[in-house]
Amino acid sequence: MSTLQRPFQQVDVFTPTPYQGNPLAVVMDGSGLSDAQMLRFANWSNLSETAFVLPPTEAGRAAGADYQVRIFSPIDEMRFAGHPTLGSCHAWLQADGQPQARGYVVQECKVGLVKIRRVDSRLFFAAPPLRRSAPSPMLLAQVAAALGLKARDVLAAQTLDNGSAWLGLLLDNPHTVLQLKPDQLALKNLGHKVGVVGIYPQPEAPALIGRSNREARAFSQSAAASGSEPHLEVRAFGAPVGILEDPVTGSLNASLAQWLIADGYAPEQYLVSQGTCLDRMGRIHIERDADGQVWVGGESVTCISGSVLL
């Protein structure tokens, strides 16, 4: 097949400031490319993910999809990923994409249809359904050792899968999260992507000071959710897929939100900081609506616009 010039954008996701979030390569026309060609380019781009925008399938279009996106890490195709969802939607809208429905965009990907809504300058995706369970004690001990953690540092743990699988660990505080120096080879050999989270202390609501339970903590955190200070600090380690540490991770934060809100560790609206140890300032906005749907959002900015030979 002959090489073609294809429209291309490189978008920084989960930040309004260029080069402070998570970069995404977006090939705006992936038509006619084989799986091998897509994977080769994704490997060459050397970013955590590369997205290829395509027309929706017939079934997808009939169900309301505006476009299809295929998402690749440097080593394989992914069923779903968060920052490629928002970044490709940003690029599609920048290229004058027109959604069929008023008020939201519908993206088709391997996990199915994902709704994306725009709120001011931010895009939010609807978190896909989550499957979760308790990890085996042996796996948890092995992962903790690879991270340099003691048993007392881990408050809770879950295996999480919304199309992208993670082992999620809730640690005792954000300082522990930021001080981690993982054994990346050990994590790679264990074969599990690992997300760690710590919750910043929030002032107790006066009426609830005497109630040191999860409901009280969630209430007081929710009261401060409109501020600019983050409530959670997150790090994501993806050695098994070739990414030692991901700057800002939508799929992980979607899973963490569904878990932490459901189990009372976090309020229904909060702000996440991620990328601190990589000199990034990723900010992820989490909201759960009245129907129980978790939305994961942030701002995006185009850093490179042009064409690519593929």
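This is a predicted model: local features need pLDDT of at least 70, side-chain atom pairs count only at pLDDT 80 or more; totals for chains, interfaces and linings use all residues.
I count two strands as paired if DSSP finds at least two bridges between them, and I take helices (H or I, at least four residues) and strands (E, at least two) as DSSP runs, numbered from the N terminus. Residues are numbered from 1 along each chain as its sequence is written, and side-chain values use heavy atoms, with hydrogens and water left out.

**Entry: strand 1 and its partners**

I looked up D12 and found that V301 in strand 18 stands opposite this residue. Strand 1 (residues 5–13) and strand 18 (residues 300–309) run antiparallel to each other, and I note nine bridges for the pair. Strand 1 is also paired with strand 2 (residues 22–27), again in the antiparallel sense, over six bridges. Within strand 2, I find P23 as the bridge partner of D12.

**Entry: helix 4**

Which residues of helix 4 are buried? Taking buried as under 20% relative accessible area, exposed as over 50% and partly exposed as in between (1.4 Å probe, protein chains only), I list L139, V143, A144, A146 and L147 as the buried residues of this helix, which spans residues 137–147. Seen down the helix axis, these buried residues fall within an arc of 160 degrees, so they line one face of helix 4; the arc is that of the directions from the helix axis to the C-beta atoms. As background, I recall that an α-helix has 3.6 residues a turn, so residues three or four places apart point the same way. P137, M138 and A145 are exposed on the other side of helix 4.

I then asked what the buried residues of helix 4 pack against. With contact meaning heavy atoms within 4.5 Å, I find strand 11 (165–171), helix 6 (184–190), strand 12 (194–199) and strand 13 (232–238) as the packing partners of those residues. After helix 4 comes G148, and I note that the phi of G148 is positive, near 80 degrees.

I place Y104 in strand 6 (residues 104–109), and with a relative accessibility of 28% Y104 counts as partly exposed. The C-alpha atoms of Y104 and R118 are 6.7 Å apart, although 14 residues separate the two along the chain. Setting aside neighbours within four places in sequence, I find Y104 in contact with D66, P99, K115, I116 and R117.

R280 lies in the loop between strand 15 (269–274) and strand 16 (282–288), and I record R280 as partly exposed, at 25% relative accessibility. Between the C-alpha atoms of R280 and P247, which are 33 residues apart along the chain, I read a separation of 6.8 Å. Leaving out neighbours within four places in sequence, the contacts of R280 include Y19, Q20, G21, N22 and P23, and I also find P247, Q274 and G275 among them.

Is S164 buried or exposed? At 2% relative accessibility I count S164 as buried, and I locate S164 in the loop between strand 10 (154–161) and strand 11. The side chain of S164 makes a polar contact with the side chain of K193, at 2.7 Å; by polar contact I mean a pair of N or O atoms within 3.5 Å, where within protein one must be able to donate a hydrogen and the other to accept it, and where residues adjacent in sequence count only if both atoms are side-chain atoms. Not counting residues up to four places away in sequence, S164 touches M78, F80, K193 and S251.

**Entry: salt bridges**

How many salt bridges does the structure hold? I find seven, a salt bridge being a side-chain nitrogen of Lys or Arg within 4 Å of a carboxyl oxygen of Asp or Glu. In one of them, the side chains of R70 and D35 meet at 2.8 Å, N to O. This pair links distant parts of the chain, with R70 in strand 4 (residues 67–72) and D35 in helix 1 (residues 35–45), 35 residues apart. I count R70 as buried at 12% relative accessibility, whereas D35 is partly exposed, with a relative accessible area of 44%.

R70 also forms a salt bridge with E77, where the closest N and O atoms are 2.8 Å apart, and I note D35, R70 and E77 as linked in a network of salt bridges.
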